[in-house]
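Dear colleague,

Please find below the sequence and the structure that I am handing over to you. My notes on what was found follow, and I would be grateful if you read them with the structure open.

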Amino acid sequence: EVANAAMRRVRATRSLFYVDTLEHLWRGGRIGAAASLLGSALMIKPLLRITGGRIAPLEKVRTTSRALARLEELAVELAADREVDVAVQHVAASSRAAALAARLRERIPRLFELYVGEAGPVVGAHVGPGMLGVVVSRRQF
């Protein structure tokens with residue numbers, strides 16, 4: 001019964017995140033050296049998602065401010081008018097995470113629980129400092 005409840009929650013959850021630098025994705029073999037160099041030169045900030053237990057590209061946005069605004073928009077779209085729980089995670093970016101959480105609290109009308117915390121060291125090693133992630137999970141699954 002517990003396993004079934006956990007699987008229902010997983011199916012009702014979407015995870016999105018932003019990385020501040022491509023360097024750690026390159027070092028971890030997630031992107032090639034050319035993509036890292038070109039992306040850094042063009043100030044590309046990838047928005048990624050977790051789907052099927054894997055990291056997948058979602059969008060490429062230029063500049064940090066646009067990427068963070070887009071991450072917020074996507075989270076609001078995912079929540080829609082449903083009752084949701086939201087988690088904002090970060091790696092060495094607590095002030096950005098707090099600001100994003102405050103904006104989401106204002107913009108998501110049926111927000112039930114809002115969690116803010118730092119991602120663990122394994123995640124941090126792969127994405128590097130500055131990462132912001134948003135997890136949106138429907139409460140009625």
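**The nonpolar cores**

The largest nonpolar core has 25 residues, and those that touch the most other members are L71, V86, V88, L104, I108, L132 and V134. Please bear in mind that this is a predicted model. At least two residues of this core come from each of β1 (13–18), α4 (64–79), β4, α5, β5 and β6. Which element supplies the largest share of the core? It is α4, with seven residues. A separate core of seven residues lies apart from this one, and F17, V19, V91 and M131 are among its members. As general background, nonpolar side chains in soluble globular proteins tend to be buried together.

Leaving aside residues up to four places away in sequence, L104 touches E72, A75, V76, V86, V88, L111 and V134.

**Strand β4 and its partners**

Is strand β4 mostly covered or mostly open? Strand β4, residues 84–90, is mostly covered, with six of its seven residues buried. Strand β4 has a parallel pairing with strand β5 (residues 111–118), made over seven bridges. Within this pairing, D85 stands opposite E113 of β5. To pass from β4 to β5, the chain runs through helix α5 (residues 94–107), and this β-α-β crossover is right-handed.

Strand β4 also pairs with strand β6 (residues 132–138), here in the antiparallel sense and again over seven bridges. V86 has V136 as its bridge partner in β6.

**The chain as a whole**

Six helices and six strands make up the secondary structure elements of the protein chain. Followed along the sequence, their pattern is α-β-α-α-β-β-α-β-α-β-α-β. The chain has 141 residues, of which 38% count as buried. How many of the contacts between residues at least 6 apart in sequence join residues at least 24 apart? The share is 73%. Finally, the protein chain exposes about 8,200 Å², and carbon and sulfur atoms supply 55% of that area.

With kind regards

Conventions:
Residues are numbered from 1 along each chain as its sequence is written. This is a predicted model: local features need pLDDT of at least 70, side-chain atom pairs count only at pLDDT 80 or more; totals for chains, interfaces and linings use all residues. Side-chain values use heavy atoms; hydrogens and water are left out. Buried means under 20% relative accessible area, exposed over 50%, partly exposed in between (1.4 Å probe, protein chains only). Helices (H or I, at least four residues) and strands (E, at least two) are DSSP runs, numbered from the N terminus. Two strands pair if DSSP finds at least two bridges between them. A crossover is right-handed if, with the strands pointing away from the viewer, the path from the first strand over the helix to the second runs clockwise. A nonpolar core is a set of buried Ala, Val, Leu, Ile, Met, Phe, Trp, Tyr and Cys residues joined through side-chain atoms within 4.5 Å. Contact means heavy atoms within 4.5 Å. Accessible areas come from the Shrake-Rupley method with a 1.4 Å probe; for residues, only the protein chains shown count as cover.
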